[in-house]
Structure formats: C-alpha cells, structure tokens
Amino acid sequence: MKKTLTLAGSDSSGGAGIQADLKTFQEHNVYGMTAITSIVAMKPGTWAHDVTAIDVNIVEKQLDTILSVGIDAMKTGMLGSVDIIELGAKKIKEHGIDRVVIDPVMVCKGENEVLQPENTDAMRELLLPLATVTTPNLFEASQLAQMDSIQTLDEMKEAAQKIVDLGAKSVVIKGGKAFMNKEAIDLFYDGQEFVVLEKEKLQTSYNHGAGCTFAAAITSNLANGDSVKEAVTKAKDFVHAAIKHGFKLNDFVGPVMHGAYNQK
Ligand SMILES: Nc1ncnc2c1ncn2[C@@H]1O[C@H](COP(=O)(O)OP(=O)(O)O)[C@@H](O)[C@H]1O
Ligand SMILES: Cc1ncc(COP(=O)(O)O)c(C=O)c1O
Ligand SMILES: [Mg+2]
C-alpha cells in the first residue's frame, strides 16, 4: 500500500482541506495520513470563515509520527502560520522527500481576503524550491509570481516561468472557472514544455474543495508511480468528475463529490 501525507487545514464542512484529501486518497487506493495545521469553522447563518492555527509543536509531533512510518508522496494545503511553513520545509529537507505537491492555498472560494498574507512570502521562498509540482489558482499564481493579474494564456506562461525560476520543478496554474475561456484550462510547465490541459467548463458553483481534490489526486498518482505530467493529467479528469457531481450542502456551500470519478 502506498502512503501519503497531507499537511493541511481541517475544513469542518467536509469538502476541502484534510477532509477532501483523505476522501481523494481513499478513491486512489493510497493510505492517507494527516498533520493538521489549522482548523476552519464557519459561522452558522453567514458562513464567515473562522481560522485557528494549530501550535507549531503539535504540528511537529504529527509530522514526526507520520514520517517515522514513511511516505511515498505528500502534499501541503492551508498552512496556518509562517512557523508551520518553516517546519514543513525543514521536514521535507531532513527526510529527503522527493514527491511533494505544494497547493499554495491563500484564499477560500467565496471569501475574497487572503487568509494570512505573511504566509505568501514564506511559501514562495521556503516551499516552492522543494516542490515537485505546485498548483496555484490564478490569484495564487499572480501572488507567487508577483504579477498584478493573470488574464491571458501568455500571462499564464509568464507566471509559470517565474514560478519555475523560483525553484519549483513544475507548476500547474489552474485557470478553472475564473479564466476567460470557453473551456476550463490549466497550464502545466516543467521548465521544458508548456502543456495546456482542457476540459469542458462546468456551469456550477458547487465547486468547494476542487483545488484540494485536484492536488490530492496528483499526490496519490505520484505515490502510485506516475510521472508528474501523467499525475496531473489524470487528476484533471478526477476533479472534473467531482465538480460535475458537486452538490448543495446548505444555502452557503456546495462541495465537489470526491468519489464521483469511480462511482459515476
Ligand atoms: N467550472 C469548472 N469546470 C471545469 N473544471 C473546473 C471548473 N472549476 C475548476 N475546474 C478545474 O478544477 C481544478 C481545480 O481548480 P480551481 O477550482 O480553480 O482551484 P481552487 O479551488 O484552488 O481555486 C482545476 O483543474 C480547474 O481547471
Ligand atoms: C482547510 C481548507 N483548506 C483549503 C481550502 C481551499 O479549498 P479549495 O479546494 O476550494 O481551494 C479551504 C477552503 O475553504 C479550507 O477550508
Ligand atoms: Mg485552492
């Protein structure tokens, strides 16, 4: 059984974060383990997000547990503090982990404030150089690449080049729903070739957790031995099915259906 680690936040509502990662790992037949960095709760009635970072010492105890077992691949998601980012980078280096998916979570869909602005610089400087692949959405890519905005495919390519120059071995920039294009496109770049991944754009707002699910699917595929390009291409199909079968949870949020690829 291949083993994976997610270093990420807990989304109490079950669609994103650690919860999305574990559900996605299960669908890929890999054994998932979790180091929880922060806890997200939502206010009933408004669904305003309330984020609490976990003490870095407790995150370290979780990582030490998991890394004593050993892993085949890992991902990061929401990281609660600069201390936790520093810790994650230190552990990746100490253990020589070489299949690392960095999902540079900065915003939750439906929220327009950057969760923890001070984390962006730490992710850029400490985590990107350790990434086998990083999976920013358009906003996150513009923050990492320090560009004003990304609106065209050429600007996506420019951002991808900058992110690889910062040390990531490869990057997939998620155009997703936001990119002005008929299809939902993502741009993959490994320093050698640009690959545009295209799928039908689904008209739905039940897409909570799509990014986490995509990154967790890539992590699973890497653990199972796929090349990065294969892992990303398969993950795009996996998350597409999940979004297609997204559903309304309440008046505020609709998560993706993590199991849709296998079940539908
Ligand atoms: N409406 C949509 N139709 C089809 N694919 C989508 C749609 N929205 C997002 N995707 C795809 O889902 C994956 C996750 O992207 P996205 O939802 O933009 O990430 P995030 O949740 O991190 O903002 C990407 O492969 C993206 O292209
Ligand atoms: C713990 C956690 N991680 C990550 C995310 C980002 O989710 P998405 O996959 O929609 O980008 C969220 C959003 O609510 C979250 O609560
Ligand atoms: Mg995301």
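Modeller: The protein chain has a mean pLDDT of 95, with 98% of its residues at 70 or more; pLDDT is the predictor's confidence in each residue, from 0 to 100. The model also scores ipTM 0.99 and pTM 0.98. This is a predicted model, where local features need pLDDT of at least 70, side-chain atom pairs count only at pLDDT 80 or more, and totals for chains, interfaces and linings use all residues. Residues are numbered from 1 along each chain as its sequence is written, chains are lettered from A and ligands numbered from 1 in the order in which they are written, and side-chain values use heavy atoms, leaving out hydrogens and water.

Now to the ligand. Around ligand 2 there are 16 residues, each with a heavy atom within 4 Å of it. The closest are Cys-108, Lys-109, Gly-209, Gly-211 and Cys-212. By class, this shell holds seven nonpolar, seven polar and two charged residues, with Gly counted as polar and Cys as nonpolar. Both β1 (3-11) and α7 (210-223) supply at least two residues of the shell; these elements are DSSP runs, of at least four residues for helices (H or I) and at least two for strands (E), numbered from the N terminus.

Next, look at the polar contacts, meaning pairs of N or O atoms within 3.5 Å. Backbone atoms of Cys-212 come to 2.9 Å from a ligand 2 oxygen, those of Gly-209 to 3.0 Å and those of Gly-211 to 3.1 Å. On its own, ligand 2 has 400 Å² of accessible area, and the protein covers 96% of that (Shrake-Rupley method, 1.4 Å probe).

Definitions and conventions
A polar contact is a pair of N or O atoms within 3.5 Å; within protein, one must be able to donate a hydrogen and the other to accept it, and residues adjacent in sequence count only if both atoms are side-chain atoms.
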